[in-house]
Amino acid sequence: MDERLLVKRVLKGEEKAKLEFYQTYQQKLYSFCVYFMGSNDPEIEDILQEVFLMAFQKLGQFEFRSSLNTWLTQICIHKCYRHFRKRGRMVVQEEEDLETRLQA
């Protein structure tokens, strides 16, 4: 598969190219998320959706300095870390709420 040609087709708005793009990289990114987040994490599908949304939004800026797979994996890493940080803030907030309730 020629990545440059696929990107050009996606940028032209070809729905078939968008589907091909998704189908080509979805399983690899899903496997990465499972490895990174754990197989039982309920947010994996949300992360994948965010990865592809960002990829389609930023695809015009992709400069082919690396492979498309590498670029998508970097987006995926960023999204996974973001979900970890968000989850951590939620845990801290819940602990603070519990402490407040116990002191009352």
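In this predicted model, Lys18, Phe21, Tyr22, Tyr25, Gln26, Leu29, Tyr30, Cys33, Val34 and Met37 of helix H2 meet Ile44, Glu45, Ile47, Leu48, Val51, Phe52, Ala55 and Phe56 of helix H3. Sorted by class, this contact of H2 with H3 comprises 15 nonpolar residues, one polar residue and two charged residues. The chain that holds these helices has four helices and zero strands.

**Overall composition**

- Followed along the sequence, the chain shows the pattern α-α-α-α.
- The chain has 104 residues, and buried residues make up 29% of them.
- Among contacts in the chain with a separation of 6 or more, 60% are between residues 24 or more positions apart.

**The pairing of H2 and H3**

- The axes of H2 and H3 come within 10 Å, and they cross at roughly 135 degrees.
- H2 and H3 are therefore oblique to each other.
- The crossing of H2 and H3 is right-handed.

**The pairing of H1 and H2**

- Helix H1 covers residues 3–11 and helix H2 covers residues 15–37; their axes come within 8 Å and cross at roughly 135 degrees.
- On the H1 side, the contact is made by Glu3, Leu6, Arg9 and Val10, while H2 contributes Lys16, Ala17, Lys18, Glu20, Phe21 and Tyr25.
- By class, the contact of H1 with H2 has five nonpolar residues, five charged residues and no polar ones.
- H1 and H2 are therefore oblique to each other, and their crossing is left-handed.

- A search of the whole structure finds five salt bridges.
- Glu20 counts as partly exposed, at 28% relative accessibility.

- The side chains of Glu50 and Arg82 form a salt bridge, at 2.9 Å from N to O.
- Glu50 belongs to helix H3 (residues 44–58) and Arg82 to helix H4 (residues 68–103), so the pair ties together parts that are 32 residues apart in sequence.
- Arg82 is partly exposed, and its relative accessible area is 36%.

**Met37 and its placement**

- Met37 lies in helix H2, and Met37 is one of the H2 residues that meet H3.
- With a relative accessible area of 10%, Met37 is buried.
- Between Met37 and Cys80 there are 7.1 Å in space, C-alpha to C-alpha, although the two are 43 residues apart in sequence.

**Met54 and its placement**

- Met54 lies in helix H3 and is partly exposed, with a relative accessible area of 23%.
- Leaving aside residues up to four places away in sequence, Met54 touches Ile75 and Lys79.
- Met54 and Cys76 are 22 residues apart in sequence, and their C-alpha atoms are 9.7 Å apart in space.

**The loop between H3 and H4**

- Phe64 is placed in the loop between H3 and H4.
- Although Phe64 is not a glycine, it has a positive phi of about 60 degrees.

Note on methods
Residues are numbered from 1 along each chain as its sequence is written. This is a predicted model: local features need pLDDT of at least 70, side-chain atom pairs count only at pLDDT 80 or more; totals for chains, interfaces and linings use all residues. Side-chain values use heavy atoms; hydrogens and water are left out. Axes are lines fitted to C-alpha atoms, for helices over the stretch in contact, and angles run from 0 to 180 degrees between N-to-C directions. Helices (H or I, at least four residues) and strands (E, at least two) are DSSP runs, numbered from the N terminus. Angles under 35 degrees count as roughly parallel, over 145 as roughly antiparallel, 65 to 115 as roughly perpendicular and the rest as oblique. A crossing is left-handed if the near helix is turned anticlockwise from the far one by less than a right angle, and right-handed if clockwise. Contact means heavy atoms within 4.5 Å. Ala, Val, Leu, Ile, Met, Phe, Trp, Tyr, Cys and Pro count as nonpolar, Asp, Glu, Lys and Arg as charged, and the others, Gly among them, as polar. A salt bridge is a side-chain nitrogen of Lys or Arg within 4 Å of a carboxyl oxygen of Asp or Glu. Buried means under 20% relative accessible area, exposed over 50%, partly exposed in between (1.4 Å probe, protein chains only).
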